[in-house]
Amino acid sequence: MSLALGGSLVPSVASAQYNRVPDPNAKRVMVAVFRSGEKGLGVQAADALRSRMTSDFPFKQVYVLPKQDIVATLEASGFPVADALEPHDQKALATILRADEYLAGIVTKTETGVKVEGQLVLSRDNSLVQPLGTYEAKSVGDAAKEISRELKEARKQLEFEQKCTNLGRQGQYDQAIAAAKEGIAAYPKATLARTCWAQVLISQKATPAQMLEVSREIVNIDPKSKQGLAILAQAYRDLNQQDSSVVTLTRLLATDPKNPRLQKDVVDALTAMANPAIARPIIDEAVASNPGDPELLRARWFILLGQRDFKEAFTQGDELVKLDTSFADTTYFIRTARAYAADSQAQKAAETAAKGLQKFPNQPALMYEQIFSLRAAGQLQPALEALDRAIAAKVPVENASVFRVQLLKDLGKADEVLPAIRAAIAAGDTASNLRVLLMQSANDSYRKAAASKTPEDFQAAVDILKYADEAVTGPLKGQAQFLLGATYVQFGQVKLNAAQAEKSCQPAKDAKNMFVEAQILLPKGGATAPDAVRQLMGALMQLDPLADQTAKAFCK
C-alpha cells in the first residue's frame with residue numbers, strides 16, 4: 001500500500017492549515033509516528049516531540065503540523081494511524097501535507113525508561129537526513145526535550161543548505177560550496193550542508209580525494225547516510241581501494257535492505273568491481289525479501305555465472321524465462337551457452353546456441369557459440385558445415401577464416417588448409433591468427449621436407465614459405481625468412497648431390513642459386529634462431545664453393 005498524492009482530501013487539509021499558520025513563510029514540519037516494537041510507544045514519542053516543538057519553536061519560523069491533520073490524511077488513505085510508516089510513505093505523507101521537513105525516529109524501552117533516536121528529513125528527498133542523536137531518558141517527554149533542543153541547532157544549517165542547492169543548480173559552484181561551509185560553521189555536525197557540498201563537487205568533477213574527504217565527514221556523523229555512503233563508495237572505487245568500496249556498498253544496502261532499486265544498484269556495482277562471491281549473500285537476501293522481482297533475479301543470475309555456480313545459474317535462468325519470456329534474449333542464450341561450455345557440457349552448449357538461433361536466426365555471436373561448442377563436442381563435420389552456411393549467408397562470425405582453417409586441420413584435410421588461408425588473405429582478412437596458422441603450416445611443410453629429403457617436399461616447402469614471406473610481418477616474417485633460408489640450404493645440398501651423381505649441369509646451377517638465396521635470407525631471420533643461423537652460414541661457406549666447382553665441371 002502506498003499513500004496517494006493529490007487526492008480530494010488535500011485541498012481541505014491545506015485550507016484548514018492556512019487558517020492556523022501565523023506567518024505564510026513559516027516552515028511546515030511534520031512529526032511522523034516513531035518506529036517501535038512496543039505497541040503505542042511510537043505514537044507517544046511522536047506526540048511528545050510534537051508538543052515540545054510547538055512550545056520551543058516560534059510560529060513565525062516553524063509551524064508544527066497538528067496531529068489531527070496527519071491522522072485525517074492517513075485514515076483517508078486507508079493507513080493505520082498508530083503504526084510507523086515506511087520511509088517512502090513518510091515522504092509521501094509529508095508531500096501531501098506540504099511539509100518542508102519531517103521528524104522520524106526509533107523508540108525502545110530500557111530498564112530505566114526509554115531510548116529515542118531522532119532524525120530530521122527534508123521532504124524533497126528522503127535521503128537527505130540529519131541525525132539528531134540518540135537519548136536515554138526516563139520518559140518520552142524527557143527524550144523529546146533533548147531532540148527538540150538538538151533540532152533547533154541542526155536547523156541553523158538549513159538556510160545555507162538551500163542557498164548551496166540553488167547556487168549549485170545555477171552552476172555557481174564556488175559560491176555554493178561557500179554557502180555549505182557557512183552551514184557547517186553554523187552547525188558543525190551538519191550532514192545536509194555537507195551533502196550539498198559533496199553534490200557540488202560531483203558536478204564540478206572534483207578529484208576522488210576531495211570526494212573522499214567530504215563523504216567521510218558525512219558518514220562519520222551519520223553512519224547510515226545513503227548519499228554519504230554512495231559517494232564514499234564511489235570515491236573508494238575511483239581511488240582503486242576496492243575492499244573499502246565493497247564494505248561501504250554493503251553498509252549502504254544495510255540502510256534499506258528491502259529497497260529493490262537500492263539492492264539492484266548495489267549488487268550491480270559489486271558485480272562490476274569485485275569478486276561475485278562478495279555480492280552473493282547480498283543478492284540472495286534481496287531476492288528473499290522481494291520474491292519474483294525480475295530485476296533482482298536477473299542480477300542474481302549474472303552473479304551466479306560470475307561465481308561459476310553453474311548448476312544454480314541454469315536453474316535461475318530457467319525460472320527467469322518462465323517468469324518473463326522476454327528475458328530469453330540473445331544475451332541469455334549466449335551467456336548460457338558459454339556457461340555450459342565452461343561447465344564441460346559442450347553438447348548442451350551447442351543445443352542452447354541452436355535454440356537461440358531458432359529465435360534469432362543468423363545472430364553472429366550465437367553462430368560462433370554453436371560452431372565452437374560443436375567443435376568442442378567433437379562434432380567437427382557439423383561444425384564445419386554450420387560455419388560454411390554462415391559464411392555463405394555473409395554472417396560476420398568472429399574469426400570465421402581462422403575457425404575454418406582450424407576445423408580443416410582437425411578433420412585432417414591438410415590439402416585444403418593452405419588454399420583456405422590463401423583465399424581468406426586474398427579476400428582481405430587481416431587476422432593475425434590467420435598468419436600464425438599460415439606459419440604453422442609452413443613449419444609443418446619444412447619439417448616434412450627436412451625428414452623426407454625429397455625434391456617434391458622441398459619444393460612444396462619453398463612455395464609455402466615464399467608465400468608466407470610475402471603475407472606475414474614482424475617476428476613472423478623473420479621466422480619465414482629463416483625457414484626459407486634453411487630450406488634452401490638443405491634443398492641445395494640435395495641438388496648438389498644429384499649434380500655430382502648425375503654429372504649434370506642444371507642441378508649444380510640450382511644448388512648455386514639456392515645457396516645465394518640462403519645467404520641473403522638467413523641473416524634477415526637471424527633473430528629467430530641465432531645459433532642455427534651461424535651453423536647454416538658456416539655450412540654455406542663450404543657448400544657455395546663446392547657448387548661453383550661442380551657447375552664449372554659439368555656446365556660446358
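A disulfide is taken here as a pair of cysteine sulfur atoms within 2.5 Å, and in this predicted model the structure holds two such links. One of them joins C505 to C555, with an S to S distance of 1.8 Å, and with 105 degrees about the S-S bond the link of C505 and C555 is right-handed. This pair ties together distant parts of the chain, since C505 belongs to helix α25 (residues 505-524) whereas C555 falls in the segment after α26 (530-554), the two cysteines being 50 residues apart. C555 has a relative accessible area of 25% and is therefore partly exposed, given that buried means under 20% relative accessible area and exposed over 50%.

The other disulfide joins C164 to C196, with an S to S distance of 2.0 Å, and the value of -100 degrees about the S-S bond makes the link of C164 and C196 left-handed. Here too distant parts of the chain are linked, with C164 in helix α6 (residues 158-169) and C196 in helix α8, 32 residues apart. C164 counts as buried because its relative accessibility is 0%, and C196, with a relative accessible area of 8%, is likewise buried. When the bonded cysteines are counted along the chain, the disulfides of the protein follow the pattern 1-2, 3-4.

The loop between α7 (173-186) and α8 (192-203) contains T191, a residue that is buried, with a relative accessible area of 1%. When neighbours within four places in sequence are left aside, the contacts of T191 are V129, Q130, P131, Q157, I218, I221 and D222.

Just after α24, K503 takes a positive phi of about 55 degrees. Helix α18 (residues 364-376), with 13 residues, reaches 18 Å from its first C-alpha to its last, a value close to the 18 Å expected at 1.5 Å a residue. The buried residues of α18 are L366, M367, E369, Q370, I371, S373 and L374. An α-helix has 3.6 residues a turn, so residues three or four places apart point the same way. The cover over the buried residues of α18 includes α16 (330-342), α17 (346-359), α19 (380-392) and α20 (400-410).

The largest pocket has a volume of about 990 Å³ and is lined by 34 residues, of which R35, P87, Q119, K226 and T255 lie nearest its centre. The elements that give two or more residues to this lining are helix α4 (87-96) and the strands β3 (101-109), β4 (114-122) and β5 (129-137). By class, the lining of the largest pocket comprises 14 nonpolar, 12 polar and eight charged residues.

The second largest pocket holds about 470 Å³ of space, and among the 18 residues that line the second largest pocket, those closest to its centre are K27, E101, R155, L158 and E159. Helix α6 provides four residues, the largest share of the lining of the second largest pocket, and this is the helix in which C164 of the left-handed disulfide is found. The lining of the second largest pocket divides into five nonpolar, three polar and 10 charged residues.

Of the 15 residues that line the largest cavity, V33, R50, I70, L74 and V81 are the closest to its centre. Helices α2 (41-56) and α3 (67-76) each supply at least two residues of the lining of the largest cavity. This lining contains 11 nonpolar and four charged residues, with no polar residues.

Key: Residues are numbered from 1 along each chain as its sequence is written. This is a predicted model: local features need pLDDT of at least 70, side-chain atom pairs count only at pLDDT 80 or more; totals for chains, interfaces and linings use all residues. Side-chain values use heavy atoms; hydrogens and water are left out. On a 1 Å grid over the protein atoms alone, a cavity is a set of points where a 1.4 Å probe fits but cannot get out, and a pocket is an open set with protein on both sides within 12 Å along at least five of seven lines; lining residues have an atom within 4 Å of a point. Ala, Val, Leu, Ile, Met, Phe, Trp, Tyr, Cys and Pro count as nonpolar, Asp, Glu, Lys and Arg as charged, and the others, Gly among them, as polar. Buried means under 20% relative accessible area, exposed over 50%, partly exposed in between (1.4 Å probe, protein chains only). Contact means heavy atoms within 4.5 Å. The expected span of a helix is 1.5 Å times one less than its number of residues. Grid points are joined across faces, edges and corners, and a volume is the space filled by probe spheres set on the points.
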